[in-house]
Amino acid sequence: MKLTARNLTKSYVGHPVLDISAASFGDHGIEGLIGPNGAGKSTLLGCLTRRIEATTGTVHFAKNGEAQSLMDLESFEVARLGLVKTNQRIQDFESLTIRDSLSMAATSPARQDWRSVWRTPPADDALEDEIDTLLTRFPFSDPGGYAKSGGEKKLLDILRCIIVKPQMLLMDEPTAGLPDEITKDVMRLVQEKVEAGEMTVVIIEHDLDLIWSNCAYVHFLSEGSILFEGGPEEVKKNRVVAEKYMGV
Ligand SMILES: Nc1ncnc2c1ncn2[C@@H]1O[C@H](COP(=O)(O)OP(=O)(O)OP(=O)(O)O)[C@@H](O)[C@H]1O
């Protein structure tokens with residue numbers, strides 16, 4: 001699957017924050033999207049998934065060689081197509097237990113407003129097994145109850161996005177608020193899914209070690225535009241990236 005954007009811009013009250021002439025994601029397994037604070041990374045992912053209305057431009061999502069414009073879709077319809085984004089901000093999970101939250105995500109991939117869901121989702125043996133496996137691999141302090149800390153809510157958000165079985169997963173700062181060990185386990189799970197050909201991934205992250213060690217391709221965004229793209233070694237050595245981001 002491939003996600004492409006053309007002439008994509010976003011302005012807030014006449015102030016431009018995004019200006020992408022062309023961008024393409026999905027050819028490299030795990031891709032990184034890096035850049036300074038305020039560069040427009042979250043805005044770009046928001047525009048790609050229709051959570052943010054772009055000022056101009058087009059976004060297409062191609063599956064099996066057939067490209068579909070996303071511009072007339074609501075964000076939940078984009079998720080239904082298999083393009084799913086984690087949340088930078090931690091959502092309120094107080095209305096659903098961890099198990100129900102995972103179960104609901106898996107059975108209702110199109111549903112975006114999880115807080116509006118109150119009923120208990122239907123049981124399914126294979127799904128229950130999958131949830132058991134995830135909860136063994138990622139232990140919560142109260143696995144039969146609710147996600148408690150900010151880190152647990154963040155982890156649950158990521159696991160819900162993965163259990164949906166997206167074609168492409170967009171991760172906005174997955175390490176923020178997560179202990180190092182959990183981050184490593186999450187990245188191992190993501191690597192497994194990517195290597196199995198189940199999904200591709202785009203990661204926004206300021207932890208550059210995570211980017212260099214996981215991403216096969218990196219997009220560098222600065223002041224709303226993609227200034228450089230390439231393999232991690234090329235990006236590390238690039239003069240513009242070094243000057244604008246790494247303070248060299
Ligand atoms: N709703 C909004 N109204 C006005 N300006 C906004 C809004 N959302 C974002 N911006 C501005 O758009 C610019 C890009 O923000 P964005 O969050 O996309 O950057 P980012 O690269 O993800 O930054 P960070 O790495 O700090 O998360 C920033 O200058 C930000 O202040």
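Thr97 sits in the loop that lies between strand 6 (83–85) and helix 3 (98–107). The model is predicted.

**Thr97**

- Thr97 has a relative accessible area of 17%, and because buried means under 20%, Thr97 counts as buried.

**Ligand surroundings**

- The ligand has 13 residues around it, and those that come nearest are Asn37, Gly38, Lys41, Thr43 and His206.
- By class, this shell consists of 7 polar, 4 nonpolar and 2 charged residues.
- Helix 1 (residues 41–48) contributes the most to the shell, with 3 residues.
- A polar side-chain atom of Thr43 is 2.5 Å from an oxygen atom of the ligand.
- Backbone atoms also take part: a polar one of Gly40 is 2.9 Å from an oxygen atom of the ligand, and a polar one of Ala39 is 3.1 Å from an oxygen atom of the ligand.
- On its own the ligand has 630 Å² of accessible area, of which the protein covers 60%.

**Helix 1**

- Helix 1 is largely enclosed by the rest of the structure, because 7 of its 8 residues are buried.
- The buried residues of helix 1 are Lys41, Thr43, Leu44, Leu45, Gly46, Cys47 and Leu48.
- Two of these buried residues, Lys41 and Thr43, are also among the residues that come nearest to the ligand.
- An α-helix has 3.6 residues a turn, so residues three or four places apart point the same way.
- After helix 1 comes Arg50, which has a positive phi, near 70°.

- An open sheet is formed by 4 strands in the order 2-1-4-5, with antiparallel pairing.
- Strand 2 (15–25) and strand 5 (66–69) are the edge strands, and each of them pairs on one side only.
- On average, neighbouring strands of this sheet are turned by 20° against each other, with direction ignored.
- Strand 4 (residues 56–63) and strand 5 run antiparallel and are joined by 4 bridges.
- Ala62 has Ala67, in strand 5, as its bridge partner.

Notes
Residues numbered from 1 in each chain as written. Predicted model: local features only at pLDDT ≥ 70, side-chain atom pairs only at ≥ 80, totals over all residues. Heavy atoms only, no water. Near = heavy atom within 4 Å. Polar contact = N/O pair within 3.5 Å; in protein donor to acceptor, adjacent residues only side chain to side chain. Areas by Shrake-Rupley, 256 points an atom, 1.4 Å probe, with all protein chains shown as cover. Helix = DSSP H or I, 4+ residues; strand = E, 2+ residues; numbered from the N terminus. Nonpolar A, V, L, I, M, F, W, Y, C, P; charged D, E, K, R; others polar. Pairing = 2+ DSSP bridges. Axes fitted to C-alpha atoms, helices over the stretch in contact; angles between N-to-C directions. Buried < 20%, exposed > 50% of the residue type's maximum accessible area, 1.4 Å probe, protein only.
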